[in-house]
Each structure stands twice: as structure tokens, then as C-alpha cells.
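Here is a short briefing for a reader who is new to this structure.

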Amino acid sequence: MAGRNLVNFDRVSKAYGERPLLDDVSLGVGEAERIAVVGRNGAGKSTLLNLMGGLVQPDSGRVTVGSGVHVGTVSQSEAFDAQMTVAEYVVPGQDAHQWASDPAIRSIFDGLLGGFDEALIDRRLGQMSGGERRRVQLARALIADLDLLLLDEPTNHLDVEVVAWLADHLASRPRLSIVIVTHDRWFLDALCDRTWEVVDGGVEEYDGGYSAFVLSKAERARQAAASESRRQNLLRKELAWLRRGAPARTTKPKFRVDAANELIKGEPAPRDDVQLLAFANARLGKTVFEFHDVTVAAGERPLVDHLTWDVGPGQRVGILGSNGTGKTSLIRTMLGEIPAAAGSITTGKTVKPAYLSQHLEELDPSWRVLEAVERVATRVDLGKDRELTASQLCERLGFGSDGQWTPVGDLSGGERRRLQLTRLLMSGPNVLVLDEPTNDFDVETLTALEDLLDGFAGTLIVISHDRYFLERVCDDFYALLGDDRFTHLTGGVEEYLERMGARQAAKPVGDQAEAVPKVNAKQAKQDRRAIEKEMARVERAIAKIDDSERALHEQMAEAATDHSRLSDLNRELQESGQRKADLEDEWMRLAAALEG
């Protein structure tokens with residue numbers, strides 16, 4: 001352990017109800033350590049961080065924080081005062097002239113919030129989206145003088161370029177100790193030198209980041225002469241990709257090369273591209289989607305202008321871009337959910353698309369998980385003589401034999417998203433469109449999903465801020481850079497980051513002597529107030545729908561045995577969900593206009 005001990009666990013146990021999460025755990029965090037925490041959803045990762053941060057108390061044992069040690073936490077569920085401004089939250093108790101000239105603080109505002117002016121620092125937290133509040137949370141933690149920073153899913157809702165900036169910034173502060181819970185495996189590899197796996201109430205320790213963890217897990221299984229279960233095969237397969245794939249070219253994997261090569265000797269490439277392409281051609285023909293001089297717009301503002309693009313059978317396309325650039329609008333236009341502002345889109349006659357959106361599909365809360373999947377189909381053909389039953393697919397995506405009988409109404413947000421994905425795959429699509437598919441998934445579920453997608457014999461289109469997932473499942477990359485164009489990235493995610501960095505560097509730099517925010521012009525203030533007023537109207541409308549949906553859920557629970565009434569209520573719920581999705585899209589357009 002490096003330097004002094006900051007936090008120490010002595011035989012700590014913590015349970016919620018009858019379920020023990022941590023049992024007799026002893027461990028410590030030393031100065032300048034960077035620790036990744038991995039494990040399945042519900043294993044106790046967030047509880048471990050909350051115990052370190054003093055947010056919860058152990059049932060038994062002792063958590064000791066060193067004398068004079070300052071600990072900060074960025075959690076997933078921090079309560080915000082909606083009336084507090086960004087400046088009041090990020091730099092409490094200081095006037096703008098006290099901090100605006102500090103280059104360290106300015107660099108954090110620039111990296112996380114795109115700079116600062118009066119419009120930003122005076123904005124109230126209640127007017128911000130979840131992604132914007134996450135950036136503000138991180139800014140506050142990075143500006144504070146901390147010895148230990150606890151990060152619970154810090155990259156959720158962040159763009160690829162902001163995740164890269166955050167990794168670089170944290171790496172530039174070598175004396176700051178960090179403990180990170182995240183499903184973003186690229187982020188873990190970029191920062192961490194130790195890994196803790198929370199499993200079965202205990203914490204197993206490994207040297208190195210995520211890549212080293214994968215190697216060590218596979219090595220331990222081999223040394224124990226364990227049977228060749230699917231879990232171990234997946235570990236070897238992922239290790240093989242780590243050695244051969246994009247991260248092995250662009251980063252320095254922190255595991256022994258000789259040991260890794262020995263373990264993956266004879267392991268085939270993740271995908272047989274030739275066979276998959278042949279099968280995709282058979283399922284889809286030559287045409288999937290053809291864009292002919294298409295313009296996609298948000299109101300009067302073009303997001304993508306004069307786009308001509310062919311999406312072919314078997315293509316695996318990753319789409320990158322900052323929030324608000326129009327990625328989801330482009331996909332929804334492609335699928336015919338919203339009309340193109342100009343031009344036309346040709347869809348192949350045999351195309352059978354499935355779309356995993358960021359909005360959860362509402363299902364009958366009385367259904368069991370397996371029932372919800374079997375209502376789509378009882379078996380699915382994955383191609384190449386691979387077939388799975390509904391129960392087998394559920395198990396592959398994290399619903400064990402017990403979990404398959406859980407009522408839908410008892411599922412968490414992450415579990416509902418897994419169920420939504422399982423139902424989509426069960427429908428047997430030949431075009432799969434995934435919009436932020438990694439949200440709320442644990443690392444094991446992501447690995448299982450990647451394995452399934454390796455054998456998907458169709459066209460795959462992915463929008464994601466998860467760099468590891470994109471590089472793992474996609475072969476071709478495009479980006480919306482905010483210039484109305486859809487840019488092909490032959491250099492993948494690295495090229496995207498370079499282009500975004502060049503755009504940022506090309507922005508005019510104001511006089512450094514004028515670092516303190518200035519008052520904007522009268523017209524700009526009026527425009528901003530008008531947009532904020534419209535955003536408030538949309539937020540009130542969304543809140544009303546939320547109240548209505550809660551009432552509908554209560555009615556559905558009361559009518560659990562009346563299938564006719566349940567069907568009517570479910571239809572109302574779906575219509576309500578569509579209205580809410582439209583309002584949220586409108587709110588995002590307004591937020592983008594406010595930022596612009």
C-alpha cells in the first residue's frame with residue numbers, strides 16, 4: 001500500500017433486510033492509490049463506497065478514516081437544492097472574482113462545462129439535465145481539496161470526449177487517491193492500478209486495472225483446473241480481444257504479455273466476419289437503409305444537412321457525438337419515427353429493425369420476467385445453427401432461474417433495461433439499433449451482451465459514450481461534430497477525440513484579464529429567459545405526466561386480475577410514455593439552444 005493509510009475496513013459487515021451485501025470485509029486504501037471496483041449489479045459496490053464516505057454505517061466491524069483525511073463522494077443519487085446556482089454549488093462561499101482567475105479552476109470549468117460565463121454560473125440546478133448535473137457534481141469534487149475521491153458511475157451521461165478529459169485530469173493528480181465504481185472499462189484501464197471485485201459478500205483483490213483483472217480471473221480459473229464453463233470462456237474471449245483489439249493498440253494494457261498470450265493461444269477472433277456478412281446478405285439482401293440528400297432538423301435548426309449514406313447488410317456502425325448534436329434524431333429519422341426535413345430514405349423490403357431507445361418500454365407490472373420475454377417468442381434463431389430459448393437468453397443477460405420469476409413491477413431501472421433488451425433480441429431482428437445500451441449494466445452483463453452481438457448476423461448501429469463497448473462491437477465509426485455534417489472516422493474513437501480537441505483549440509480565447517464573467521447583451525438575456533421559460537413549461541408538463549403515470553400504475557395494481565382493464569390501462573401508459581418522450585426531446589432541443 002502506497003504512503004499513509006487513508007481509510008481502513010476492519011471486519012465490516014453490512015446487510016439490507018435479510019440480504020447481506022458485505023460480510024466480514026477487511027481492506028484499506030492507501031495514499032495515491034487508484035482502485036477499480038467491479039461486480040454484478042446489487043453485489044454491494046455502491047454500499048462499499050458509501051461506507052468509505054461515511055454515508056452509511058456498518059452493521060458490525062469498524063470503518064476508520066485517517067486523521068486529517070478529506071474524503072469526497074460523487075454518487076448516483078445526490079439530493080440537489082433545485083434553486084441553488086452552479087456557482088453556489090461548485091464553489092460555495094466564494095464570489096466570482098475570487099475563483100474565476102484561478103487557472104486550475106478555469107481548466108475544470110473548461111473541461112467539464114465547456115467554459116464559464118454568467119449564463120452558466122447563474123443557472124439553477126433544477127433547470128439542468130441529469131448529464132449536466134453530473135458534470136457539475138464532478139466539477140465541485142475536483143475543485144475541492146481532497147485526499148480521497150470516491151466515484152460512483154462518474155461517466156454516466158458523459159460524452160466520450162469529456163470521459164477522456166476526466167481520465168487525463170485525474171491522471172495528472174498523482175497524489176489524489178481514487179476509488180471508482182463504473183461499468184466503463186476503458187476508464188478503469190486508463191486510471192486504475194488495483195481492482196476489487198465485490199462477490200458473494202466478500203472483496204477479492206487484483207493487481208492492475210480492468211485488463212489485468214480479466215487476465216487474473218482467467219489465470220485463477222486455469223490454475224484451479226475449473227471446468228470450461230461459459231463464464232470462463234467469455235473471460236478468455238475478452239482477454240483475446242484486449243490483446244488484439246483497439247485498446248491494445250491505443251493504450252498500454254497492464255498485464256503480463258507472455259502470460260496473456262499463453263492463455264489465449266488458439267482462441268479464435270471474436271467474430272467470423274466473412275460468415276456473418278454472408279448470412280446478413282441472405283437475411284437482408286443488398287439494401288438496408290439508403291439516405292438520399294437527407295436533412296434532419298430540430299425545429300428550424302439543421303442537425304444533419306444533405307446527408308447521402310448507405311447502410312449495408314452486416315455493417316457494425318458506431319455513432320459518436322456530444323449530447324444535443326442529433327444522434328438520436330438521426331436514428332429516429334432512419335427508422336421512420338420522425339420525418340426528414342428534406343430528402344428521402346429508402347428502406348430494404350426485408351429489413352426487420354429493433355430499436356433499444358433510452359426510454360423504457362412500459363410493461364404489465366404483474367408479468368413475470370420470463371413471461372414478458374415469452375410473449376415475444378419462446379425461441380430465437382441467432383444464425384449459424386445457434387438457437388436459444390427465452391429462458392436461456394434471459395440467463396445470458398443476467399436473469400438467473402430465480403430472477404426469471406420476478407414480477408416486472410419489482411425490477412430496478414437497470415433490470416428493466418435488461419428486460420427491454422432481452423425482448424428486443426427475442427423478436428429476431430436483422431437490424432439492431434442500440435441507443436446508449438450500456439446504461440445501468442454491470443460489467444458481466446456487458447461482456448455477455450458483447451458475446452451475443454459477436455454472433456449477430458445482421459446490421460448493428462450503436463450510439464454510445466462507452467468507448468470500450470463501441471470499440472468492442474463496432475467496426476465502422478461516424479460522428480456528429482456539431483457542424484451539420486455526418487463525418488466518417490477511419491481512425492475510430494481516437495480520430496473523434498483528435499477532431500474534438502482541434503475544434504476546442506480553434507475556439508477564440510478571450511482576454512485572460514477578463515476571466516471574471518461579464519454581463520451579456522440585453523437581447524441575449526431576453527432570448528435566454530424566453531428559452532428558460534419554455535423549458536419550465538415543458539418540465540411542468542413532464543411532471544404532470546409523471547403524476548398521471550403513477551396513478552395509472554396504482555390502477556394497474558388494483559386491476560391485476562382484470563385483463564381487459566389492464567390492457568386499456570397499459571395502452572394509456574404507452575400513449576403517456578410517447579407524449580413524455582416527445583416532451584423530453586423538446587426539452588433537449590431547448591437545452592441545446594440554451595447552451596448554443
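Angles under 35 degrees count as roughly parallel, over 145 as roughly antiparallel, 65 to 115 as roughly perpendicular and the rest as oblique. This is a predicted model, in which local features need pLDDT of at least 70 and side-chain atom pairs count only at pLDDT 80 or more, while totals for chains, interfaces and linings use all residues. Residues are numbered from 1 along each chain as its sequence is written, and side-chain values use heavy atoms, with hydrogens and water left out. Helices (H or I, at least four residues) and strands (E, at least two) are DSSP runs, numbered from the N terminus. Axes are lines fitted to C-alpha atoms, for helices over the stretch in contact, and angles run from 0 to 180 degrees between N-to-C directions.

**Helices α4 and α6**

- Helix α4 covers residues 103-113 and helix α6 covers residues 130-143. Their axes come within 10 Å and cross at roughly 160 degrees.
- α4 and α6 are therefore roughly antiparallel to each other.
- The contact (heavy atoms within 4.5 Å) is made by I105, I108, F109, L112 and L113 of α4. From α6 come R135, V136, L138, A139, L142 and I143.
- By class, this contact of α4 with α6 has ten nonpolar, no polar and one charged residues. Here Ala, Val, Leu, Ile, Met, Phe, Trp, Tyr, Cys and Pro count as nonpolar, Asp, Glu, Lys and Arg as charged, and the others, Gly among them, as polar.

- The axes of α6 and helix α7 (residues 160-171) come within 13 Å and cross at roughly 10 degrees. α6 and α7 are therefore roughly parallel.
- R135, L138 and L142 of α6 meet V162, W165, L166, H169 and L170 of α7. These residues divide into six nonpolar, one polar and one charged.
- The axes of α4 and α7 come within 9 Å and cross at roughly 150 degrees. That makes α4 roughly antiparallel to α7.
- S107, I108, G111 and L112 of α4 touch V162, W165 and H169 of α7. This contact of α4 with α7 has four nonpolar, three polar and no charged residues.

**Aromatic rings**

- Rings of Phe, Tyr and Trp (its six-membered ring) pair if their centres lie within 6.5 Å; planes under 30 degrees apart count as stacked, over 60 as edge-to-face and the rest as tilted. The count comes to nine aromatic pairs.
- The ring centres of F291 and W309 are 5.4 Å apart and their planes are at 40 degrees, so the pair is tilted.
- F291 lies in strand β10 (residues 289-298) and W309 in strand β11 (residues 301-311), so the pair ties together parts that are 18 residues apart in sequence.
- F291 is buried, at 0% relative accessibility. Buried means under 20% relative accessible area, exposed over 50%, partly exposed in between (1.4 Å probe, protein chains only). W309 is buried too, at 6%.
- Y478 and F486 form a stacked pair, 4.9 Å centre to centre with 5 degrees between the planes. Y478 is buried at 10% relative accessibility, and F486 is buried at 13%.
- Y206, Y210, F213 and Y468 form one aromatic cluster.

**Loop residue A82**

- A82 lies in the loop between β5 (71-74) and α2 (86-90). At 36% relative accessibility, A82 is partly exposed.
- Not counting residues up to four places away in sequence, A82 touches R124, L125 and G126.
- A82 and L125 are 43 residues apart along the chain, with their C-alpha atoms separated by 5.0 Å.
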